[in-house]
Amino acid sequence: MFCHSAKSPVPVNQSVLTNLPAVGPPDCRNLTRKKSHLHSVPVNCRLYFCCTNPNIMRKIILVNFITLDGVIQSPGGPQEDTSGNFQWGGWVAPFGDDMLHKKLMAVMEQPFDLLLGRRTYDIFAAHWPHYDDFVGKKFNGAEKFVVSHHNIPLPWEHTTLITGDVVAQLQALKKTDGPDLQVYGSSGLVQTLLKHQLVDIAHLWLHPVTIGSGKRLFENGTLPGSWKLTDAIPTSTGVILITYEAAGALQTRAIDAKPPSAAELERRKKVQEENAKS
């Protein structure tokens, strides 16, 4: 059971508050039952909820600027990530507006730890410790978990390295007491998270540009699955601020339920034969 001390409130589902057991800290039993489906639990209630509700888990939340063709590389500037000779960094800048800023602030106002891939960690660690604006304070004060295949220097304060059996460690991390884990950029790490269905929420801020090359959000290895749309906001510059929640297995069926014709059956047979040869 993962009930060690936490530094931030833990999101608790409404059903947890509705079905509190009759024992426990008095101020935990008497929590106001709000209509919102998530609540921030007082510090002295965290251990109580964790131990009485072992199914509560930290969410892994993707936060990514993305192009129409799925590229997430180097949105912030020309020199942010030039790996693979990428020449189109800074594609987000022309599309900023008040709505996008408001959405980003709303996401960052929530309690969170950072979960980053090695390259994004290097980018952030070289930049954010030198700034104390709102974003800098949030990132610098957060616990950082960086995933790497090798031991690496960890110059940024409050950083923990995850290496070795990464998937097992991430699964264990989700079960620990603490705030949700936000993932920015980190295209390589994202592939691992998607392959093992560890992503719970995806904020995808879709920009009206195509690049044609670069690191993409969904690469080979992504498992089939369904996503539930929970928010979609168009901005004044043509960006769509989309939020999805993981919604389980992919469901498929035929659009047209009519019996297939003889020609259609022959076409399917031909495709199967071609597949067998490939």
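Eight aromatic pairs are present in the structure, which is a predicted model. Rings of Phe, Tyr and Trp (its six-membered ring) count as a pair if their centres lie within 6.5 Å; planes under 30 degrees apart are stacked, over 60 edge-to-face, and the rest tilted. Tyr121 and Trp156 form a tilted pair, because their ring centres are 6.0 Å apart and their planes stand at 45°. Tyr121 belongs to helix H5 (residues 118-127), and Trp156 to the loop between strand E5 (144-147) and strand E6 (159-162), so the pair ties together parts that are 35 residues apart in sequence. Helices (H or I, at least four residues) and strands (E, at least two) are DSSP runs, numbered from the N terminus. Tyr121 and Trp156 are both buried. Buried denotes under 20% relative accessible area, exposed over 50%, and partly exposed in between (1.4 Å probe, protein chains only).

Phe124 and Phe139 are stacked, because their ring centres lie 5.2 Å apart with planes at 20°. Phe124 is in helix H5 and Phe139 in helix H6 (residues 134-141), so this pair ties together parts that are 15 residues apart in sequence. Both Phe124 and Phe139 are buried. One aromatic cluster is formed by Phe112, Phe124, Trp128, Tyr131, Phe139 and Tyr184.

Trp156 also takes part in a charge contact of another kind. The charged end of Lys144 sits over the Trp156 ring, 4.4 Å from its centre. The criterion is NZ of Lys or CZ of Arg within 6 Å of the ring centre and within 35 degrees of the ring normal.

Helix H6 was examined next. Its buried residues are Val135, Gly136, Phe139 and Asn140. They lie on the same side of H6, because they cover an arc of only 120° around the axis; the arc is that of the directions from the helix axis to the C-beta atoms. Lys137 and Gly141 are exposed on the other side of H6. The buried residues of H6 pack against helix H4 (98-109), strand E4 (112-117), H5, E5 and strand E7 (180-184).

The protein chain contains nine helices and ten strands. Of its 278 residues, 40% are buried. Among contacts (heavy atoms within 4.5 Å) with a separation of 6 or more, 70% involve residues 24 or more positions apart.

Residues are numbered from 1 along each chain as its sequence is written, and side-chain values use heavy atoms, without hydrogens and water. Local features need pLDDT of at least 70 and side-chain atom pairs 80 or more, whereas totals for chains, interfaces and linings use all residues.
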